[in-house]
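Here are my notes from going through this model, as numbered points. Have it open beside you while you read.

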Amino acid sequence: MFFRHNCTMKLTTERLHIRQWQDSDRAPFADLSADPRVMRYFDKTMDETESNAAIDRWTKSINDFGYGFGAAALRETGELVGVIGLFIPTRFVMPWAPDDVEIGWRLAQPFWGKGLATEGGQACIEYGFGVLNRDQLFAVTAIQNAPSRKVMERLGLQNTERDFDHPALVPEHPLARHCLYEIENPATQ
């Protein structure tokens with residue numbers, strides 16, 4: 001995330017580095033993505049092939065655009081805690097403008113409840129508004145995902161009340177209904 005092609009810049013917070021993916025991140029991210037607790041609000045867990053494909057998509061975004069969903073690692077130890085970043089969804093058509101930038105996170109269970117998603121998310125918002133000059137950012141999750149919704153609210157995102165069926169899920173899927181949160185750039189209001 002936050003790179004311009006061969007640049008080695010990292011987004012750093014008090015406890016995190018949000019950076020480009022490395023080969024050493026693949027196994028811990030595969031473990032995280034195979035954990036049913038972590039993937040509770042996704043349609044399914046991911047196997048190693050699917051996990052690696054996600055990393056490859058995010059790596060390409062970082063290389064192509066200078067940002068994406070990056071590897072989030074503890075500054076103190078370098079341990080991968082999950083993924084945090086900004087991304088333009090490209091795999092499905094969402095019910096809003098296609099160039100909107102999504103803020104998102106997914107953390108391994110041992111790192112829940114420590115404020116890391118909020119800390120990384122805040123840094124991403126600052127980057128999205130301060131560096132990318134975006135007018136707004138959005139986040140989506142399954143309506144049932146109260147923990148992520150709380151993080152969105154702590155970050156200042158507002159529920160738009162424009163719920164929708166996620167295009168990658170059949171309407172009958174129990175997680176199909178999603179909510180859309182947005183935050184406006186105060187400098188452009």
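1. Let's start with leucine 169, which at 14% relative accessibility counts as buried; here buried means under 20% relative accessible area, exposed over 50% and partly exposed in between, with a 1.4 Å probe and protein chains only. Leucine 169 sits in the loop between E8 and E9, and helices (H or I, at least four residues) and strands (E, at least two) are DSSP runs numbered from the N terminus. Leaving aside residues up to four places away in sequence, leucine 169 touches Asp43, Leu175, Ala176 and His178, where contact means heavy atoms within 4.5 Å.

2. A word on ground rules. This is a predicted model, where local features need pLDDT of at least 70 and side-chain atom pairs count only at pLDDT 80 or more, while totals for chains, interfaces and linings use all residues. Residues are numbered from 1 along each chain as its sequence is written, and side-chain values use heavy atoms, with hydrogens and water left out.

3. Now the cores. Which residues touch the most other members of the largest nonpolar core? They are Trp21, Leu86 and Leu157, in a core of 47 residues. Helix H3 (residues 116–130) gives the most to this core, with seven residues. There is also a second, separate core of five residues, including Leu169 along with Tyr41, Ala142 and Leu175. By nonpolar core I mean a set of buried Ala, Val, Leu, Ile, Met, Phe, Trp, Tyr and Cys residues joined through side-chain atoms within 4.5 Å. In soluble globular proteins, nonpolar side chains tend to be buried together.

4. On to the rings. A search of the whole structure turns up six aromatic pairs. One of them joins phenylalanine 65 and tyrosine 67, and is tilted, at 6.5 Å centre to centre and 40° between the planes. The cut-offs: rings of Phe, Tyr and Trp (its six-membered ring) pair if their centres lie within 6.5 Å, and planes under 30 degrees apart count as stacked, over 60 as edge-to-face and the rest as tilted. Phenylalanine 65 is partly exposed at 43% relative accessible area, whereas tyrosine 67 is buried at 8%. Elsewhere, Trp21, Phe29, Trp58, Phe69 and Phe87 make up one aromatic cluster.

5. The charged end of arginine 106 sits over the phenylalanine 42 ring, 4.6 Å from its centre. To count, NZ of Lys or CZ of Arg must be within 6 Å of the ring centre and within 35 degrees of the ring normal.

6. Helix H4 (residues 146–154) has two sides to check. Ser148, Arg149, Val151 and Met152 are buried. Seen down the H4 axis, the buried residues fall within an arc of 155°, so they line one face of the helix; the arc is that of the directions from the helix axis to the C-beta atoms. Pro147 and Arg154, on the other side of H4, are exposed. The cover over the buried residues includes strand E5 (102–107), H3, E6, E7 and strand E9 (177–184).

7. The two ends of H4 deserve a glance. At its start, a side-chain oxygen of asparagine 145 comes to within 3.1 Å of the backbone nitrogen of serine 148. After H4 comes glycine 156, with a positive phi near 95°.

8. Is glutamate 119 buried or exposed? At 16% relative accessibility, glutamate 119 counts as buried, and its place is in helix H3. Its side chain reaches the backbone nitrogen of glutamate 14 at 3.3 Å. A polar contact is a pair of N or O atoms within 3.5 Å; within protein, one must be able to donate a hydrogen and the other to accept it, and residues adjacent in sequence count only if both atoms are side-chain atoms. Not counting residues up to four places away in sequence, glutamate 119 touches Thr13, Glu14, Arg15 and Leu16.

9. Finally, two backbone angles to check. Asparagine 133 has a positive phi of about 55° although it is not a glycine; this residue lies in the loop between H3 and strand E6 (136–142) and is exposed, at 54% relative accessible area. Glutamate 161 also has a positive phi, near 65°, and lies in the loop between strand E7 (158–159) and strand E8 (164–165). At 62% relative accessibility, glutamate 161 counts as exposed.
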